Amino acid sequence: MNKKKLHVKTGDTVKVIAGDERGKTGRITSVLTDKNKVVIEGLNLVTKHTKPSAKNPQGGISKVEAPIHASNVAIVDPKSGETIKTAKRKNSQGKTERYSKKTGEVI
């Protein structure tokens, strides 16, 4: 299966622009490129029931972060705090870099 490149990567601060968590911001903890989804720290929590096992003899109910589709998040500019769109270009050394389409600054 081909892995697609997404406009976000692990560690980016993003704002949710659609869905139940709309308007909230958080940091991306993992990216699932095969499903085009991202997991954001502290957002989109779902209740997970765990059976008692040797590892967890108590079992119980826990809150777990569920993935959000990558199209429903926008990158937040670290300097201005606004949502931005990004693009890729080559710098003077020939290395690819992400930059803000609004300001032209490297992110």
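Predicted model: local features only at pLDDT ≥ 70, side-chain atom pairs only at ≥ 80, totals over all residues.

Q: How many helices and strands does the protein chain have?

A: Zero helices and 10 strands. From the N terminus on, the order reads β-β-β-β-β-β-β-β-β-β.

Q: Is the chain compact or spread out?

A: More spread out than a compact globule, because its radius of gyration is 17 Å, well over the 13 Å that the globule rule gives for 107 residues. The C-alpha trace spans about 55 × 30 × 20 Å along its principal axes.

Q: What share of the residues counts as buried?

A: 27% of the 107 residues. The accessible surface comes to about 7600 Å², and 50% of that belongs to carbon and sulfur atoms.

Q: And charges? How far apart are the mean positions of the positive and negative ones?

A: 6 Å, for 23 positive and 10 negative charges.

Q: New topic: Ser100. Where is it found?

A: In strand 10, which covers residues 96-100.

Q: Why does Ser100 count as buried?

A: Its relative accessibility is 1%, and buried means under 20%.

Q: Which residues does Ser100 touch, leaving out those up to four places away in sequence?

A: Ile84, Lys85, Glu105 and Ile107.

Q: What does the side chain of Ser100 reach?

A: The backbone nitrogen of Thr103, at 3.2 Å.

Notes: Residues numbered from 1 in each chain as written. Heavy atoms only, no water. Helix = DSSP H or I, 4+ residues; strand = E, 2+ residues; numbered from the N terminus. Buried < 20%, exposed > 50% of the residue type's maximum accessible area, 1.4 Å probe, protein only. Polar contact = N/O pair within 3.5 Å; in protein donor to acceptor, adjacent residues only side chain to side chain. Contact = heavy atoms within 4.5 Å. Rg over C-alpha atoms; globule rule 2.2 N^0.38 Å. Areas by Shrake-Rupley, 256 points an atom, 1.4 Å probe, with all protein chains shown as cover. Lys, Arg positive; Asp, Glu negative; His and termini not counted. Charge placed at Lys NZ, Arg CZ, Asp CG, Glu CD.
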